[in-house]
Amino acid sequence: MAFRAMISSHATQQSKWVPSAGVARQMSSWFGHVEPAAKDPILGVTEAFLADPSPDKVNVGVGAYRDDNGKPVVLECVREAERRIAGNLNMEYLPMGGSSHMIEESLKLAYGEDSDFIKDKRIAAVQALSGTGACRLFADFQKRFLPDSQIYIPVPTWANHHNIWRDARVPQNTFHYYHAETKGLDFSSLMEDIKNAPNGSFFLLHACAHNPTGVDPSEEQWREISHLFKSKNHFPFFDMAYQGFASGDPERDAKAIRIFLDDGHLIGCAQSFAKNMGLYGQRAGCLSILCDNEMEAVAVKSQLQQLGRPMYSNPPVHGALIVSTILGDPELKKLWLQEVKGMADRIIGMRTTLRENLEKLGSPLSWEHITNQIGMFCYSGMSPEQVDRLTNEYHIYMTRNGRISMAGVTTGNVGYLANAIHEVTK
């Protein structure tokens, strides 16, 4: 009883403790030096759009597919996969490396259904938190095992690429990519930069539907790039966020990767199923690294798993089940191929319609680049000041670099959008 009374007395004393003024100041100032982070330029566009009460407002900044009514889409193949999964739910942890079934199907999509690299077990691969997570895992792997290396990133690129390699502490360099005057590829400068980079450099390449420009090298240009990479012993890391969603054909959209593989390169690849399956919130992706042999692949995979362990421990299960169910079933995969082609065709059709509307308005400018570019985004060539006018005068929202998300263009707003673009660019 005496011991219990002593504990009670001690607890009472503890509850009455009041920190001194000095201690209170120290406690309150631990995070007082933290400044608010700058708003994400893309997410900020959506916030501004939502706050605008105008009935005429248009959002062409969002990086997610919308149907012709401007509504989010859940693919039928995804709905059917969900129904099948619901009958056999399992919420247990996945292994650190993720779902082996999802990884297997992802590799077949990227490297080819009958790839010898898969058969020979030369690919180290893990499930990743969509394309962003795959890039970050690779950046951390690069820093840990090649600490003196740097990454060459195209100008421009998806803004988060810079954040990913910066936070992984990998030094960054850049290479020319987009030609502002032609609104196309600056191929000669790109090749010169590849040539001048130190032998054995790492390069970040967009496999298809380059974000934000929508400008891709031609097949012949990819062959020339691959040949130069070979002579310089550069390492190509492909970010493939839009396979199938660019042209409507996953095989065609993987052509750049296949060219490099045919030329004997070892490559890295980040895959995402956000855009091509509409699984934005499921964070379903895959990171793969092609190695010299099976033993090397086993070692690399083990290290990728170790990198993921302190970050998130295990990748999420539900998105992986959806992907593996769709790609692993011939009937569902056929349905997915039809649906992803339908999405791509709608984007391509909106490009044509937007260009035609601008030309009918008598615009003195060339708008050929709208249909020459490919994928979700169109790099319009508009200046930040012109974009500001679109927002302030016409309630049209996009990032200030002039990037138009073609998914936000519909038959209902394309005329209004074209007229506004014509007014601010004439």
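The 42 positive charges of the protein chain and its 48 negative charges have mean positions 6 Å apart, with Lys and Arg counted as positive, Asp and Glu as negative, and His and the chain ends left out; each charge is placed at NZ of Lys, CZ of Arg, CG of Asp or CD of Glu. The model is predicted, so local features need pLDDT of at least 70 and side-chain atom pairs pLDDT 80 or more, while totals for chains, interfaces and linings use all residues. Residues are numbered from 1 along each chain as its sequence is written, and side-chain values use heavy atoms, without hydrogens and water.

The protein chain holds 19 helices and 13 strands, taken as DSSP runs (H or I, at least four residues; E, at least two) numbered from the N terminus. Of its 426 residues, 49% are buried, where buried means under 20% relative accessible area, exposed over 50%, and partly exposed in between (1.4 Å probe, protein chains only).

Asp140, in helix H7 (residues 130–145), is buried at 13% relative accessibility. Beyond neighbours within four places in sequence, Asp140 contacts Ala168, Leu307 and Met311, a contact being heavy atoms within 4.5 Å. Asp120 sits in the loop between helix H6 (116–119) and strand E2 (123–129) and is partly exposed, at 43% relative accessible area.
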